[in-house]
Amino acid sequence: MTEQGSSQSQLPTDPIMLLSVVNTLLRDKYPEGLKQLCEDMNLDSDELNQRLKEAGFEYIPSVNQYR
């Protein structure tokens, strides 16, 4: 993920921990979806998707979660 702010450093590097943190944020703070989370945290959504895809997870918009 390209670092545009300090949010990148707040996310875990371990893919399972990253999954947990991102899904918790999506559930609790970003019911409008991944796009808003990435905008607010200055994250590259393509890179986030790729990191989690490499761990076997993909974003499912209908449930607003990675599974």
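Which residue caps the N-terminal end of α4? In this predicted model, where local features need pLDDT of at least 70, side-chain atom pairs count only at pLDDT 80 or more and totals for chains, interfaces and linings use all residues, the cap is D44. One of its side-chain oxygens lies 2.9 Å from the backbone nitrogen of D46. Such a polar contact is a pair of N or O atoms within 3.5 Å; within protein, one must be able to donate a hydrogen and the other to accept it, and residues adjacent in sequence count only if both atoms are side-chain atoms. Residues are numbered from 1 along each chain as its sequence is written, and side-chain values use heavy atoms, with hydrogens and water left out.

The secondary structure comes to 4 helices and 2 strands, in the order α-α-α-α-β-β along the sequence. Helices (H or I, at least four residues) and strands (E, at least two) are DSSP runs, numbered from the N terminus. Of the 67 residues, 36% count as buried; buried means under 20% relative accessible area, exposed over 50%, and partly exposed in between, with a 1.4 Å probe and protein chains only. The chain exposes about 4200 Å², with 47% of that supplied by carbon and sulfur atoms (Shrake-Rupley method, 1.4 Å probe; for residues, only the protein chains shown count as cover). Among contacts with a separation of 6 or more, 55% are between residues 24 or more positions apart, a contact being heavy atoms within 4.5 Å.

The pairing of two helices comes next. The axes of α2 (residues 15–28) and α3 (residues 34–41) come within 10 Å and cross at roughly 105°. The two helices are therefore roughly perpendicular, a label for angles of 65 to 115 degrees. Axes here are lines fitted to C-alpha atoms, for helices over the stretch in contact, and angles run from 0 to 180 degrees between N-to-C directions. From α2, V22, L25 and L26 meet L34, L37 and M41 of α3. The residues of this contact divide into 6 nonpolar, no polar and no charged; Ala, Val, Leu, Ile, Met, Phe, Trp, Tyr, Cys and Pro count as nonpolar, Asp, Glu, Lys and Arg as charged, and the others, Gly among them, as polar.

Towards the end of the chain, Q65 is found in strand β2 (residues 65–66) and is buried, with a relative accessible area of 16%. A polar atom of the Q65 side chain lies 3.1 Å from the backbone oxygen of N23. Leaving aside neighbours within four places in sequence, Q65 is in contact with N23, L26, R27, E58, Y59 and I60. E58 lies in the loop between α4 (45–54) and β1 (59–60) and counts as exposed, at 54% relative accessibility. With neighbours within four places again set aside, E58 is in contact with Q65, Y66 and R67.

Some backbone angles also deserve a look. Most residues other than glycine have a negative phi. N42 has a positive phi of about 55° although it is not a glycine; N42 sits in the loop between α3 and α4 and is partly exposed, at 31% relative accessible area. N64 likewise has a positive phi of about 55° without being a glycine. N64 lies in the loop between β1 and β2 and is buried, with a relative accessible area of 10%. Just after α4, the glycine G56 takes a positive phi of about 100°.

Terms used. Angles under 35 degrees count as roughly parallel, over 145 as roughly antiparallel, 65 to 115 as roughly perpendicular and the rest as oblique.
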